[in-house]
Amino acid sequence: MSNKLIVFEDTAFASFFPVTLNRPVFFLRCGALALWEKIARRFPDYSVSFACRDEITGLVRRDTGKRVNHIDYQPGDRLVFVNGALRLGDKLTKELQTIDENVVYLHNNKTAAMVITQPLSKNPGDVQFTGEAAADAIGTEAKMADGEFEFYFYLWDLVHNNSNEIAADFVAWFNDEKAKKLIKAADVDDTARILSDENFYIAPDAAIHACCVIDNTHGPVIVDSKAVIGPLSYVQGPCYIGPGTQIFRANVREGCSFGPTCRVGGEVEESIFQGFTNKYHDGFMGHAYLGSWVNLGAMTTNSDLKNNYKNIAVSVNGSMVDSGYNKIGCMVGDHTKTGIGTLINTGVNIGFSCNIFGGSLVTSREVPSFSWGDETGYDLYRVEKAIEVAKIVMPRRGVPFTDDDDKIFRAIFDNSTADRVQK
């Protein structure tokens with residue numbers, strides 16, 4: 001008998017565009033970890049695999065080395081399926097680990113989780129994860145458990161919960177005493193100031209340079225392996241600085257998470273950078289979610305608050321959605337670049353592999369993927385040119401551009417430009 005955890009995405013992945021155009025929902029970052037890592041942490045004795053859209057399976061398999069869309073089911077196995085957008089709590093975790101029957105957990109016909117402990121009439125390799133179809137697909141009658149479950153529905157939900165998740169990840173990794181023992185080998189300059197003896201961790205091979213201030217009085221600051229905080233930087237917790245990320249004379253305010261190998265300068269507040277994203281220069285990013293391989297030109301700045309302080313409506317796949325928040329920045333897809341002096345209006349959604357000219361205000365609610373230009377007019381960014389640039393950019397950070405990357409570039413291009421005429 002084996003315990004197996006399958007983290008899945010349902011059909012709501014498009015609500016997280018543009019960052020999920022080329023990754024599953026459960027790869028999204030919130031706090032110090034991706035969503036799937038938070039779920040897997042609760043199931044330490046389970047092997048982990050994934051279920052997602054066919055077009056991104058190659059990328060998921062490459063980046064995790066785990067099974068994707070294939071369940072090696074044997075009678076007697078315990079299978080636990082968890083929606084990757086679910087904010088999994090202690091109560092449901094315990095039930096998923098102990099219940100001894102086949103159950104589908106629903107919330108408004110949205111599948112939160114499933115458990116299979118009883119024999120099946122067929123292999124559950126083609127499970128559909130939407131409402132009652134989930135029970136039908138596992139090949140036997142299952143108990144339907146309707147309940148109140150917390151989900152992330154949009155990118156801004158991750159941004160606004162980021163501070164809480166950084167704090168939770170800090171507690172899950174280590175307490176203050178353990179953190180203090182681990183940080184002794186780190187390179188912390190004598191002129192740097194860490195304002196509290198609590199809520200702080202720096203990896204032994206990370207560094208904090210001269211005249212930095214780490215303000216961990218209101219939340220933890222986590223500096224991961226080989227990260228560097230350069231001279232004259234201010235970092236306010238809660239904050240997570242990922243492996244290999246470098247902070248350059250920056251003002252990093254509360255609620256920020258930077259994935260691996262980011263470059264961060266200027267002012268950033270309550271924002272998530274998925275990883276491998278550059279904001280070297282001055283300029284402001286607030287309440288923003290940036291994908292990977294984004295490069296922001298000098299003085300690129302977004303607005304995250306309307307002058308009338310009202311809630312911000314965001315266009316998601318052409319439909320306007322009331323965010324419920326009065327602070328929403330921009331959402332930017334992978335491989336997008338902005339020129340110097342680019343200004344981005346409140347709640348703007350910029351697609352995959354765009355090239356935005358600087359010197360003007362981006363006011364379009366949604367800028368389609370593979371756009372080239374500015375608000376005076378966007379041309380089509382040819383996919384061959386975009387791939388050519390990615391093949392230069394990614395190896396600079398030690399990441400090869402693979403056939404799987406090529407396929408997803410072309411798939412997004414084909415899906416996002418059907419109504420355009422290539423010039």
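**Entry 1: Ser323**

I looked up S323 in this predicted model and found it in the loop between β28 (319-322) and β29 (331-332).

The side chain of S323 reaches the backbone oxygen of I312 at 2.7 Å. It also reaches the backbone nitrogen of Y325, at 3.1 Å. Not counting residues up to four places away in sequence, I listed W156, I312, V314 and I328 as the residues that S323 touches.

**Entry 2: Helix α9**

I turned to helix α9, which covers residues 403-416 and has 14 residues. From its first C-alpha to its last it reaches 20 Å, close to the 20 Å expected at 1.5 Å a residue. Which residues of α9 are buried? I noted D405, D406, I408, F409, I412 and F413. An α-helix has 3.6 residues a turn, so residues three or four places apart point the same way.

**Entry 3: F409 and the cores**

Leaving aside its neighbours within four places in sequence, F409 is in contact with H335, F352, S353, F370, V383, A386, I387, A390 and F401. F409 belongs to the largest nonpolar core, which has 71 residues. Those with the most contacts inside this core are L5, L96, Y105, F370 and F409. I recorded a second, separate core of 46 residues, including C212, A250, F258 and C354.

Methods:
Residues are numbered from 1 along each chain as its sequence is written. This is a predicted model: local features need pLDDT of at least 70, side-chain atom pairs count only at pLDDT 80 or more; totals for chains, interfaces and linings use all residues. Side-chain values use heavy atoms; hydrogens and water are left out. A nonpolar core is a set of buried Ala, Val, Leu, Ile, Met, Phe, Trp, Tyr and Cys residues joined through side-chain atoms within 4.5 Å. Buried means under 20% relative accessible area, exposed over 50%, partly exposed in between (1.4 Å probe, protein chains only). Contact means heavy atoms within 4.5 Å. Helices (H or I, at least four residues) and strands (E, at least two) are DSSP runs, numbered from the N terminus. A polar contact is a pair of N or O atoms within 3.5 Å; within protein, one must be able to donate a hydrogen and the other to accept it, and residues adjacent in sequence count only if both atoms are side-chain atoms. The expected span of a helix is 1.5 Å times one less than its number of residues.
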